[in-house]
Amino acid sequence: MGKTLFDKIWDNHLVSQVGEDTQVLYIDRHFIHEVTSPQAFAGLEKRGIPVFRPQQTVATADHNVPTKDQHLPIREELSRFQVDKLTENCEKFGVELYGLGHPYQGIVHVIGPELGITQPGMTIVCGDSHTSTHGAFGCIAFGIGTSQVEQTLATQCVLQRKPKRMRISVDGELQPGVTAKDIILYIISQLTASGGTGHFVEYAGSAIRALSMEGRMTICNMSIEMGARGGMIAPDDTTFEYIKGREFAPKGADFDTAIERWSLLYTDEDATFDQEYHFLAEDIEPMITYGTNPGMGIGISQAVPEVPAGNVTFENSLKYMGLQGGQAMKGQKINHVFIGSCTNSRIEDLRAVAAFVKGRKKADHVNVMVVPGSKQVEAQAKAEGLHDILTAAGFDFREPGCSACLGMNEDKVPAGEYCVSTSNRNFEGRQGPGARTILASPLMAAATAIYGELVDVRELLNQN
Amino acid sequence: MEKFQTLHSSAVPLPIEEVDTDQIIPARFLKATTREGFGDNLFRDWRYQNDDTPKPDFVLNNPAYDGKILVAGRNFGCGSSREHAAWALYDYGFRAVVSSFFADIFRGNALNNGLLPVQVSEDFLHDIFSAIEQDPQATFTIDLEQQQFTIDATGQSTDFEIDAYKKHCLLNGQDDIDFLLSIKDKIETYEQQRQAAAV
């Protein structure tokens with residue numbers, strides 16, 4: 001019987017079997033950042049052991065960094081200490097660091113692909129649940145806790161239980177104004193925030209195939225939001241074209257050999273999955289969330305669902321959001337827009353936003369924050385004039401980091417206020433205590449910034 | 001890691017579903033570089049007002065409830081991979097979390113820190129909540145060797161699943177790194193074979 005893409009890569013990285021369920025998996029690339037690595041390095045020190053394969057780990061500072069004046073010392077003491085600790089650990093253990101001020105610095109899941117470090121067929125881990133992003137290149141990439149960061153640093157392996165396999169196919173053509181972000185929000189709304197738990201997802205179908213690498217990364221990025229261990233897409237010409245010429249990509253004849261190898265990375269026709277879902281691209285509207293987990297999403301034309309009888313969790317969620325069952329979301333007044341995060345801060349996202357806002361101004365009552373995913377995205381946006389367009393529209397164009405996606409630094413949304421965000425989580429307090437997050441695509445976020453309320457971007461595109 | 005064999009304790013009920021790790025420990029408290037002290041900020045925004053005064057209606061602030069077991073609704077620990085969530089629960093004093101469903105990464109993180117995730121059926125979870133409702137000091141027994149969870153008052157018990165390897169680790173207080181370091185020769189052999197295959 002044939003093998004799935006997932007099985008091909010997994011089996012190729014199997015070092016050993018431990019008992020019935022657990023396997024030792026070899027890790028090709030390990031990304032680390034300042035928040036989930038210090039305790040792992042401390043563990044190595046306590047044991048008196050080095051990093052086993054330092055050249056296979058790359059570090060950056062992203063979660064906890066300010067997005068203004070990055071050339072100055074970090075003002076907040078604890079944040080500065082944590083970032084300094086990363087620098088100290090990387091020097092001590094011989095790990096490459098793209099820290100603040102480095103031209104390669106940025107959100108860990110933006111820089112890996114952008115530098116060509118992420119390549120098809122690899123196993124990739126990082127102490128961050130959105131590591132699934134790298135699956136867009138046909139990798140097994142997943143988030144781990146700090147104990148496993150320590151395992152990886154110490155042995156370049158992790159102990160894992162092999163997940164089940166799920167395939168989600170999306171076929172057909174997307175309506176104008178509907179993007180990769182809408183596809184994944186739609187899928188999660190159908191499967192719920194726990195629908196993928198225990199599984200590794202392969203995304204397939206003509207609508208997925210038609211996406212750019214940026215779009216594919218957005219899809220794989222949010223796999224964790226339905227509980228899946230990770231998500232992946234078989235590599236193809238779009239993938240190879242993206243990787244070609246990047247800093248750490250194979251060059252010349254090596255690149256041709258790599259393509260031959262990468263071309264074998266697909267699910268065999270007769271391979272089977274533990275779970276399969278099929279969706280039609282035409283059914284997907286521009287999506288928004290109304291609740292406090294990413295599974296609570298609806299199309300922009302739809303009303304907030306009524307509270308199911310006796311469902312306290314759902315009731316609390318609407319109460320937190322200040323919304324009523326049955327109300328329309330279109331027309332909801334919004335005070336904040338955040339464009340950024342490992343889900344949507346790449347150059348293509350900024351191009352989509354700039355194309356929509358060009359020659360327009362933001363609504364007076366809206367604060368708009370644009371946080372590019374990396375120094376390279378920032379530089380590219382400036383070179384293409386996107387920065388000027390956004391600034392002229394009254395958007396606050398900042399420096400790279402995770403920023404208001406998780407509100408670890410000072411970029412926060414005030415309590416009780418609504419923020420349309422291109423990030424990945426609408427949990428209570430995620431963007432700051434009491435903040436009310438509505439997840440959406442960069443295009444929907446751009447339209448919200450201009451109109452100051454939730455709008456159906458399809459109607460606006462039709463007007464043009 | 002501390003050994004986990006049996007646990008006999010009262011429990012704290014949290015009948016909320018989809019408790020994500022941002023609720024367990026909000027991101028703004030992840031700036032520490034050691035594993036200790038996160039218990040102070042466990043469930044921070046549910047537990048305290050903005051001015052740091054306790055919210056009286058949150059269960060951790062209700063003196064009627066205490067114990068080393070947290071009982072919560074389905075999909076506990078979803079969202080961020082932050083191991084700080086497991087550290088915060090452990091640091092606060094919990095040694096087991098009972099739910100009808102756990103998110104994968106949280107489950108792994110808990111097991112790596114001596115915090116036992118016990119998955120029971122939706123019906124059994126309901127019975128546990130009822131037992132606590134009848135008597136906030138109701139006790140429960142978790143026997144890891146037997147993989148059994150018991151409501152002491154009624155004697156009602158259920159089996160729970162745990163990976164055989166992780167069970168061994170918890171019973172003996174061993175961690176994964178000890179094990180992986182012990183098979184380093186296998187890891188090196190794997191690397192050499194891969195390199196040979198690539199040439």
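Mentor: Let's start with chain B: buried residues make up 55% of its 199 residues, where buried means under 20% relative accessible area, exposed is over 50% and partly exposed lies in between (1.4 Å probe, protein chains only). Before going on, note that this is a predicted model: local features need pLDDT of at least 70, side-chain atom pairs count only at pLDDT 80 or more, and totals for chains, interfaces and linings use all residues. Residues are numbered from 1 along each chain as its sequence is written, chains are lettered from A and ligands numbered from 1 in the order in which they are written, and side-chain values use heavy atoms, leaving out hydrogens and water.

Chain B has 8 helices and 7 strands; these are DSSP runs numbered from the N terminus, with helices being H or I of at least four residues and strands E of at least two. Its C-alpha trace spans about 65 × 45 × 25 Å along the principal axes. Take contacts in chain B between residues at least 6 apart in sequence, and 64% of them join residues at least 24 apart; contact here means heavy atoms within 4.5 Å.

Now for the part I'd zoom in on, where chain B meets chain A. The contact draws 64 residues from chain A and 53 residues from chain B. The size of an interface is often given as the accessible area lost when the parts come together. Here, the two chains bury about 4700 Å² between them, with 56% of that on carbon and sulfur atoms. That's the accessible area (1.4 Å probe) the two parts lose on being put together, summed over both. On the chain A side, Gln39(A), Arg47(A) and Thr313(A) lose the most area to chain B, together 12% of what that side buries.

What about charges? The rule finds 8 salt bridges across the interface of chain A and chain B, each being a side-chain nitrogen of Lys or Arg within 4 Å of a carboxyl oxygen of Asp or Glu. Several elements of chain A supply at least two residues each to the side touching chain B, including α2 (38–47), α3 (77–93) and α11 (312–321). The one that gives the most is α5(A), with 7 residues.
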